[in-house]
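I opened the model to go through its side-chain contacts, its accessibilities and its backbone angles. The entries below follow the order in which I looked things up.

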Amino acid sequence: WGVTSLKVMAELVALLRAAPVIALPAVRRLVVTHGSTGAGQAGARRFVKELFPAIRFHNQGTVCERVRVKGAAEASVEMFLASGATSKIAVANMRIEDITKAITDAASK
């Protein structure tokens with residue numbers, strides 16, 4: 001590891017710590033399914049791109065998966081809780097903020 005590598009690593013950790021803390025202690029597995037194209041997919045794609053790293057960082061016991069379906073598909077988030085229950089949320093046409101709220105609300109029930 002060179003000095004440059006350590007500096008880059010420190011910058012990445014700082015970015016993850018500055019990201020919004022989305023605590024999901026009851027969630028063991030989080031699966032986001034979305035289409036590669038089509039209306040209503042942008043929020044789910046953006047959620048994965050922008051918030052999955054922070055969710056993985058703050059919830060290290062949670063497995064985060066992304067399932068891409070060719071073409072248009074119904075965007076959804078499926079959560080597998082520690083209690084054994086599952087929850088599926090349709091997130092088509094939802095903004096990233098609304099998806100985050102729906103997930104935290106469902107995980108806290």
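I began with Asn-93, which is exposed at a relative accessible area of 65% (buried means under 20%, exposed over 50% and partly exposed in between, with a 1.4 Å probe and protein chains only). Asn-93 sits in the loop between strand E4 (86-90) and H3, where helices (H or I, at least four residues) and strands (E, at least two) are DSSP runs numbered from the N terminus. I noted that Asn-93 has a positive phi of about 65° although it is not a glycine. As background, most residues other than glycine have a negative phi.

Before going on I wrote down the conditions: this is a predicted model, in which local features need pLDDT of at least 70 and side-chain atom pairs count only at pLDDT 80 or more, while totals for chains, interfaces and linings use all residues. Residues are numbered from 1 along each chain as its sequence is written, and side-chain values use heavy atoms, with hydrogens and water left out.

I then searched for aromatic pairs (ring centres of Phe, Tyr and Trp, the last by its six-membered ring, within 6.5 Å; planes under 30 degrees apart count as stacked, over 60 as edge-to-face and the rest as tilted), and the count came to 1. Phe-47 is buried at 1% relative accessibility, and Phe-52 is buried at 2%. Not counting residues up to four places away in sequence, Phe-47 touches Val-32, Phe-52, Ile-55, Ile-96, Ile-99, Thr-100 and Ile-103, contact being heavy atoms within 4.5 Å.

Val-27, in strand E1, is buried at 0% relative accessibility. Its contacts, leaving aside neighbours within four places in sequence, are Thr-62, Met-79, Phe-80, Leu-81 and Ala-107. Ser-76, in strand E3, is buried at 8%, and with the same exclusion of neighbours within four places Ser-76 is in contact with Val-31, Val-32, Thr-33, Lys-88, Ile-89, Ala-90 and Val-91.

**Salt bridges**

How many salt bridges does the structure hold? I found 4, taking a salt bridge as a side-chain nitrogen of Lys or Arg within 4 Å of a carboxyl oxygen of Asp or Glu. One of them joins Glu-65 to Arg-29, with the closest N and O atoms 2.8 Å apart; Glu-65 lies in strand E2 (residues 63-69) and Arg-29 in strand E1, so this pair ties together parts that are 36 residues apart in sequence. Glu-65 is partly exposed at 27%, and Arg-29 is partly exposed at 32%.

Arg-46 and Glu-50 form another, with the closest N and O atoms 2.9 Å apart; both lie in helix H2, 4 residues apart, about one turn of the helix. Arg-46 is partly exposed at 40%, as is Glu-50 at 43%. In helix H3, Lys-101 and Asp-105 are likewise 4 residues apart, about one turn of the helix, and their side chains meet in a salt bridge at 2.9 Å, N to O. Asp-105 is partly exposed at 34%.

**Helix H1**

My last stop was helix H1 (residues 3-18), where Lys-7 is found; Lys-7 is exposed at 55% relative accessibility, and its C-alpha atom is separated by 27 Å from that of Arg-46, 39 residues apart along the chain. Val-8, also in helix H1, is partly exposed at 42%.
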